[in-house]
Amino acid sequence: MKKTANSRRNFIKKGTMAAVAGSLLPHFSAKSYARIIGSNERIQVSVMGVNSRGDALAQNFAAQDNCDVIHICDVDRRAITKCLTNLKNRQTIEAKAYPDFRKSLESKDVDALVIAAPDHWHAPASLLAMQAGKHVYVEKPCSHNPNEGEILVKAAEKYGKIVQMGNQRRSWPNVVEGIEALKNGAIGNVYFGKGWYSNNRPSIGIGKETAVPDWLDWELWQGPAPRKNFKDNLIHYNWHWHWHWGTGEALNNGTHMIDLLRWGMEVDYPTKVSSNGGRYRYQDDWETPDTQVINLDFDNGMTMSWEGRSCNGKNIEGSSVGVVFYGENGSMLIPGGNSYTVFDLESKVVKEVKHTEVIDARNKSNPAEKLDAFHIQNMFDAIRNGSDLHAGVDSGHKSTLLVQLGNIAQRVGQSLDIDASNGHILNNADAQKLWSRSYESDWEMKL
């Protein structure tokens, strides 16, 4: 059933209120939450990459009372058809289909590009959008390699555009409260943080080179990446596990947790990075580690660690994903959802803030739609009113870089010494080669 403007308004308001009702935030009233929704100025967006996560994002943006999704872009015509059908339940206007997102960027009606294409597209598409005068919402990671991230930071300043990365926990109310409590001394001086992600992903098998399906524009899917032949086990998700296009579990899910740790511990760049692990569970085309531990040391007496297990889903602290901060007076757990718990040094609960909505961090497309609306509205507020972004590209690049450095250490088989002033690798020529990538001819990123 097609929803009217009023029903759309009710949908998002009810969703937001449901999220609020499940939290224990005494200083946030229902009215204060309601004020983030509703504006006479509608932002018109184009969404690039709508097979899975992008489809969920398109629905969420369309559900916002101050937004219209006017363009849907994908190299898979099946994904376009599905997303357009789903959008009919979220908005009254009819979005246009664009197999090539660059054509969408030519439209004066588009205010912002939402990017949920594969990782190798995140930075190049963001740059093209800014150069076309559009704001950007880009899913994590913001870049495929460190050089691209630095280019994006410069581009946002040069072109004066809003660039929000999709590390949505930066806008989840209880998580925000927990981080603020941490910074205000809830567990004293924090010196160690641990993050993790676990899953039970199956083997991707050995792919065969086959003819490109008629529903796919394989040339444009590859875009900036040097050309390779099509294989039947690559599209649409398994590209994550190939260095040529993806960034492994570390950036696929580790970026979220490293970002929380960096946020709570108030650090930027490390002094030393190491990584151990490998592809252990199956013998197949999967290149990136399925088991990995990244350690990062900082010059202010802090250390953080991320553990990724793609093929063994045993939970840590009762959750498949989360972080724990350790301090001189206790610890703080932030699991996968919008909640946190403070413990003393005897592991007794000092404070617990819960959220009733169940969030499945292993859901590949849409684990937390109602909460993610806060992140979307933060971007809109920055566009309309100049408010500070919760996850702007400068911050997003720093968090992305930390995990990229872990992957580089993993690939060269050595710990890395890092310049704490800018995050650059010191005295390691092999590692430095992975700071950037080669591009298909005429696809290089240029400011």
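**Helix ends and backbone**

Modeller: Let me start where a helix stops: just after α6, G133 takes a positive phi of about 85°. Please keep in mind throughout that this is a predicted model.

Colleague: And α6 itself, how many of its residues are buried?

Modeller: Helix α6, residues 119-131, is mostly covered, with 11 of its 13 residues buried; among them are W121, H122, L127 and M130.

Colleague: What about α8, which of its residues are buried?

Modeller: In α8, which spans residues 173-183, the buried residues are P173, N174, V175, E177, G178, I179 and L182. Just after that helix, G185 takes a positive phi of about 95°.

Colleague: Which residue other than glycine has a positive phi near 70°?

Modeller: That is S347, whose phi is near 70°, and S347 lies in the loop between β13 (340-344) and β14 (349-353). D442 also has a positive phi, about 75°, although it is not a glycine, and its place is in the segment after α14 (429-432). For context, most residues other than glycine have a negative phi.

Colleague: Is S347 buried or exposed? And D442, buried or exposed?

Modeller: S347 is exposed, with a relative accessible area of 57%, and D442 counts as exposed at 72% relative accessibility.

Colleague: Where are the cis peptide bonds you'd point to, say the one into P141?

Modeller: The bond from K140 to P141 is cis, with omega near -10°, and P141 is found in the loop between β5 (135-138) and α7. Another cis peptide bond joins I235 and H236, with omega about 15°; H236 is found in the loop between α9 (218-222) and α10 (248-252).

Colleague: Switching to packing, how do α7 and α13 cross?

Modeller: The axes of α7 (residues 146-159) and α13 (residues 393-412) come within 9 Å and cross at roughly 170°. Since angles over 145 degrees count as roughly antiparallel, the two helices are therefore roughly antiparallel to each other. From α7 the contact uses P146, G149, E150, L152, V153 and A156, and from α13 it uses V393, D394, H397, L401, Q404 and I408. Those residues divide into 7 nonpolar, 3 polar and 2 charged.

Colleague: And α3 with α4, what angle do they make?

Modeller: Helix α3 (residues 53-63) and helix α4 (residues 77-87) have axes that come within 10 Å and cross at roughly 25°, and α3 and α4 are therefore roughly parallel to each other. The crossing is right-handed, with D55, A58, Q59 and A62 of α3 meeting K82, C83, N86 and L87 of α4.

Colleague: Now the sheet: what is the strand order?

Modeller: The open sheet has 6 strands in the order β3-β2-β1-β4-β5-β6, and the pairing is parallel. At the edges stand β3 (96-98) and β6 (163-165), each with a single partner strand, so one side of each is left without a neighbour in the sheet. The twist averages 25° from one strand to the next. Strands β1 (residues 43-48) and β4 (residues 112-115) are joined by 4 bridges, and V45 stands opposite A112 in β4.

Colleague: Last one, where does D290 sit, and what does D290 touch?

Modeller: D290 is found in the loop between β8 (272-278) and β9 (291-298), and D290 is buried, with a relative accessible area of 1%. Not counting residues up to four places away in sequence, D290 touches several residues, including R279, Y280, R309 and C311. The C-alpha atoms of D290 and S198 are separated by 9.7 Å, although the two residues are 92 residues apart along the chain.

Methods: Residues are numbered from 1 along each chain as its sequence is written. This is a predicted model: local features need pLDDT of at least 70, side-chain atom pairs count only at pLDDT 80 or more; totals for chains, interfaces and linings use all residues. Side-chain values use heavy atoms; hydrogens and water are left out. Axes are lines fitted to C-alpha atoms, for helices over the stretch in contact, and angles run from 0 to 180 degrees between N-to-C directions. Angles under 35 degrees count as roughly parallel, over 145 as roughly antiparallel, 65 to 115 as roughly perpendicular and the rest as oblique. A crossing is left-handed if the near helix is turned anticlockwise from the far one by less than a right angle, and right-handed if clockwise. Contact means heavy atoms within 4.5 Å. Two strands pair if DSSP finds at least two bridges between them. Ala, Val, Leu, Ile, Met, Phe, Trp, Tyr, Cys and Pro count as nonpolar, Asp, Glu, Lys and Arg as charged, and the others, Gly among them, as polar. Buried means under 20% relative accessible area, exposed over 50%, partly exposed in between (1.4 Å probe, protein chains only).
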